[in-house]
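Student: I would be grateful for a close look at one part of this model, namely the loops and their backbone geometry. Please treat the residues one after another.

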Amino acid sequence: MDGICGIYSPGDKDLVNKIFLATGSLQHRGKETAGIAAGTDREIFIHKRVGRIGDVFDPETKRLFNSKGATAAIGNIGYFKGWTNGKEAEPIRIDTKVNSSLSVILTMDGHFVKLDDLARDIEGDYNLHSNQTEIVGALLHKAMNRYGVSFDAGREVVDKLHGRGTFALVALVNDGKQTYLVSLNDDKAFEPMCRGRLDTYPVIISSESCSHRRLENFVEKEFEGAEMVICSENGIEEKRLREEKSMPDIFQAVYFGHPGSLFKGQQIYDTRRKLGYALVDIYGVEDVKGDTIVIPNPDSGAGVSIGIFEAIKQKLKEKVFDISSYNHGDIKDRDEYKIWDQLEYQLPLVKQPQAVRTFQEGEQKKRSNEVGLKFGGVDSIIKDKNIFVGDDSIVRGSVSEGGSVWALYNSGAKTVSFWISYAPMVFPSFKEWGKGKKCVDDLAVQRAFKDSSPYGRSLDEINEAVAKLIGVDDVRYNNLEAIKRVTGDGSFQALDASYPIDEKFWPGFIKTEVEKFQEKGL
């Protein structure tokens with residue numbers, strides 16, 4: 001889930017600072033590595049290493065890059081991949097064994113479940129080091145050697161990669177005369193990517209629109225599938241290369257994306273807030289008491305918890321100020337009024353300064369340790385209160401179980417109820433398939449039914465089982481139908497196995513799980 005960005009802006013003396021700021025606005029998408037590449041008429045320069053972008057790209061490096069007179073630049077924020085030395089940090093220069101006038105440097109957000117056969121086909125012409133971005137870049141270089149920097153080259157790459165995984169990439173391509181900025185994404189548009197510009201230039205292509213807003217720019221469009229953009233001395237060319245049903249990753253909006261970024265035309269914060277309203281529509285307000293407070297599970301629980309709070313207040317207000325209520329004495333003496341009046345939104349769970357997004361931590365032992373360091377509670381707010389916690393999702397359950405749950409009860413919470421904006425996650429992301437069956441077994445919903453199966457269970461049954469698993473009084477999941485009403489169609493892979501991967505590439509254990517799921521008529 002890397003953050004990637006590309007800018008084309010000939011003659012722009014501030015280009016290097018712009019790519020630094022635009023890439024840095026994507027820091028939430030990764031913590032492992034950062035890098036920037038900038039291209040002039042004749043060559044392309046790269047600077048990258050382990051660390052966050054503010055550490056990697058210091059003022060002296062920015063000054064040095066600025067002195068080169070670049071016309072285009074790309075940047076990467078690296079998601080966790082288990083690297084320790086930064087050799088595979090991006091952007092990556094494609095190392096060809098054949099004579100070519102083209103130099104290709106690229107960065108990619110995405111994941112493939114099968115590339116080994118394609119790598120074997122090209123390993124005679126390229127030095128490959130088992131990095132998926134490198135393989136995709138070599139395919140792009142090979143196609144451009146054949147067709148030039150063109151839509152035909154992009155179509156060949158999209159066709160070869162169809163159904164094998166998902167990707168969005170930006171690349172700098174130099175032919176000895178100029179540097180092109182090229183972008184391309186998979187034909188399902190699973191990975192987010194958007195484009196915008198200020199006047200004619202700069203053209204900005206990024207994983208999320210928060211990059212554009214950092215440069216006081218606005219997004220012109222979110223990409224559909226198999227869209228290619230070529231920026232050169234000839235101007236800006238754009239074309240959709242293959243027509244497939246789009247399957248954008250809905251979890252980007254629920255959890256991973258920046259709250260201020262656009263997803264399917266609306267800001268992610270608004271999507272999350274509407275999911276909170278949907279939860280209250282499902283569960284009502286009968287359990288709300290005078291000592292109830294609504295809080296977020298920091299940080300991605302903020303949007304849904306605001307929606308929960310607003311929706312509860314709205315429904316209570318409708319009860320309190322119903323015309324018929326005026327026949328029953330002073331309205332302020334009614335219990336409904338007192339609950340409505342006293343309900344508060346608070347921020348008593350504190351995310352510690354050393355905390356990271358533990359979803360990005362691949363090693364379970366290290367993840368568990370980091371979860372234990374993640375939260376602290378404010379006793380004066382939490383003590384003796386019924387707590388409604390708004391959260392984006394429960395994946396493995398470790399953040400809730402070992403972090404916020406402990407902090408809330410340790411601070412004296414009377415009861416804790418988790419309201420979850422996403423539905424029960426019964427399948428793993430395809431990006432986890434490499435872990436084998438363990439990626440299924442580690443899911444909270446699967447663990448809650450480890451002696452049976454979650455498939456075919458009612459939402460109430462799942463709520464009860466997961467609440468017991470993570471040690472809270474109550475869990476309230478959203479349902480798929482309500483989520484679709486808010487987000488529209490897309491890939492809900494963890495909820496219903498709507499993977500953007502062709503079934504011929506699915507591992508056997510996933511096929512088995514999906515068969516069990518379908519046997520229940522789901």
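Tutor: What follows is a walk through selected loop residues in a predicted model.

I begin with S150, which sits in the loop between helix 5 (132–147) and helix 6 (151–161). Its relative accessibility is 17%, and because buried means under 20%, S150 counts as buried. The side chain of S150 reaches back to the backbone oxygen of Y147, at a distance of 3.1 Å. Leaving aside residues up to four places away in sequence, S150 touches M228 and I230.

A226 belongs to the loop between strand 11 and strand 12 (227–232). Although A226 is not a glycine, its phi is positive, at about 55°. A226 has a relative accessible area of 0% and is therefore buried.

E216 also has a positive phi without being a glycine, here of about 60°. The loop that holds E216 runs between helix 7 (210–214) and strand 11 (219–222). With a relative accessible area of 66%, E216 is exposed, whereas A226 is buried.

Two cis peptide bonds complete the picture. One leads from E90 to P91, with omega near 5°, and P91 is found in the loop between strand 4 (72–78) and strand 5 (92–93). Another joins P298 and D299, with omega about -5°.

How values were computed. Residues are numbered from 1 along each chain as its sequence is written. This is a predicted model: local features need pLDDT of at least 70, side-chain atom pairs count only at pLDDT 80 or more; totals for chains, interfaces and linings use all residues. Side-chain values use heavy atoms; hydrogens and water are left out. Helices (H or I, at least four residues) and strands (E, at least two) are DSSP runs, numbered from the N terminus. Buried means under 20% relative accessible area, exposed over 50%, partly exposed in between (1.4 Å probe, protein chains only). A polar contact is a pair of N or O atoms within 3.5 Å; within protein, one must be able to donate a hydrogen and the other to accept it, and residues adjacent in sequence count only if both atoms are side-chain atoms. Contact means heavy atoms within 4.5 Å.
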